[in-house]
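Me: I am new to this structure and would like to understand the terms used for it. Could we go through them one at a time?

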Amino acid sequence: MKTPTTRSEHPRLRGDERKGECLEHVLSDIRACRACLGDLPHEPRPVVRVFPETRLLICGQAPGRRVHESGLPFTDPSGDRLRDWMGVDYETFYADHRIGVAAQAFCYPGTAPQKNGRSGGDYPPPKRCATLWRPRLLEALPPMEMTLLVGGHAQVWALGERARANMTDTVRAWRDYAPDILPMPHPSWRNTAWLRRNPWFEAEVVPYLRQRVRGILFA
């Protein structure tokens with residue numbers, strides 16, 4: 001089942017210059033990218049994990065510090081919560097190539113300065129990365145059975161005018177995008193309070209997500 005194409009997620013390419021481009025070639029170019037060198041407080045290290053077999057694509061925001069260090073997506077507490085939501089264990093998440101991860105930005109954007117003694121959290125994903133790479137990558141990937149839009153940045157990019165006024169409203173309207181697309185909050189510990197305020201997410205959306213994941217991986 002093919003994910004619906006939107007203008008923001010799949011802009012028109014010039015002629016046929018990108019049609020049929022090899023996924024391996026695109027991934028090699030992404031991993032060699034240094035477009036943000038000098039703009040980041042560290043050496044760029046693009047993190048992306050997709051395969052020709054990928055059928056479930058996780059589109060988050062940007063790698064955090066731990067992912068920047070490990071070179072693997074979601075090797076942090078956010079990943080533990082995401083895997084729990086999906087109903088898959090650590091080994092399956094990384095061993096099954098039907099699961100892929102491609103965030104809005106592939107490099108860790110850095111952490112904002114502390115305010116009032118509290119960490120400001122990571123900077124938002126630079127728009128430059130999605131503009132440079134996302135159309136090429138999605139064009140080279142096979143059709144997805146399901147795409148998880150994790151966080152507001154991924155939702156606005158992919159859904160365009162179909163996105164609601166904010167992340168909460170977009171996730172609350174998840175049935176409008178099913179079965180190909182599922183908008184979700186970010187599984188960061190910073191969203192623990194959001195989850196408590198919105199118990200419907202874990203009561204309604206998580207069981208649906210687990211059912212869909214089982215259907216893709218184990219049917």
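This is a predicted model: local features need pLDDT of at least 70, side-chain atom pairs count only at pLDDT 80 or more; totals for chains, interfaces and linings use all residues.

Me: What makes the strands a sheet, and in which order do they stand?

Reply: Two strands pair if at least two bridges are found between them, and 4 bridges join strand E1 (residues 56–59) to strand E3 (residues 146–150), so these two count as paired. Within E3, Leu-148 is the bridge partner of Ile-58. Altogether 4 strands form an open sheet with parallel pairing, in the order E2-E1-E3-E4.

Me: Why are E2 and E4 said to stand at the edges?

Reply: Strand E2 (99–101) and strand E4 (181–184) each have a single partner strand, so one side of each is left without a neighbour in the sheet. Between neighbouring strands of this sheet the turn is 20° on average, with direction ignored.

Me: Where does helix H6 lie relative to the strands?

Reply: Helix H6, which covers residues 152–159, lies across E1, E3 and E4, and it runs at about 130° to E3.

Me: How many helices and strands does the protein chain have, and how do they follow one another?

Reply: The protein chain has 9 helices and 4 strands, and from the N terminus on these elements run α-β-α-α-α-β-α-β-α-α-β-α-α.

Me: What share of the residues is called buried, and what makes a residue buried?

Reply: A residue counts as buried when its relative accessible area is under 20%, and 49% of the 219 residues of the protein chain count as buried. The accessible surface of the protein chain comes to about 11400 Å², and 50% of that belongs to carbon and sulfur atoms.

Notes:
Residues are numbered from 1 along each chain as its sequence is written. Side-chain values use heavy atoms; hydrogens and water are left out. Axes are lines fitted to C-alpha atoms, for helices over the stretch in contact, and angles run from 0 to 180 degrees between N-to-C directions. Contact means heavy atoms within 4.5 Å. Buried means under 20% relative accessible area, exposed over 50%, partly exposed in between (1.4 Å probe, protein chains only). Accessible areas come from the Shrake-Rupley method with a 1.4 Å probe; for residues, only the protein chains shown count as cover.
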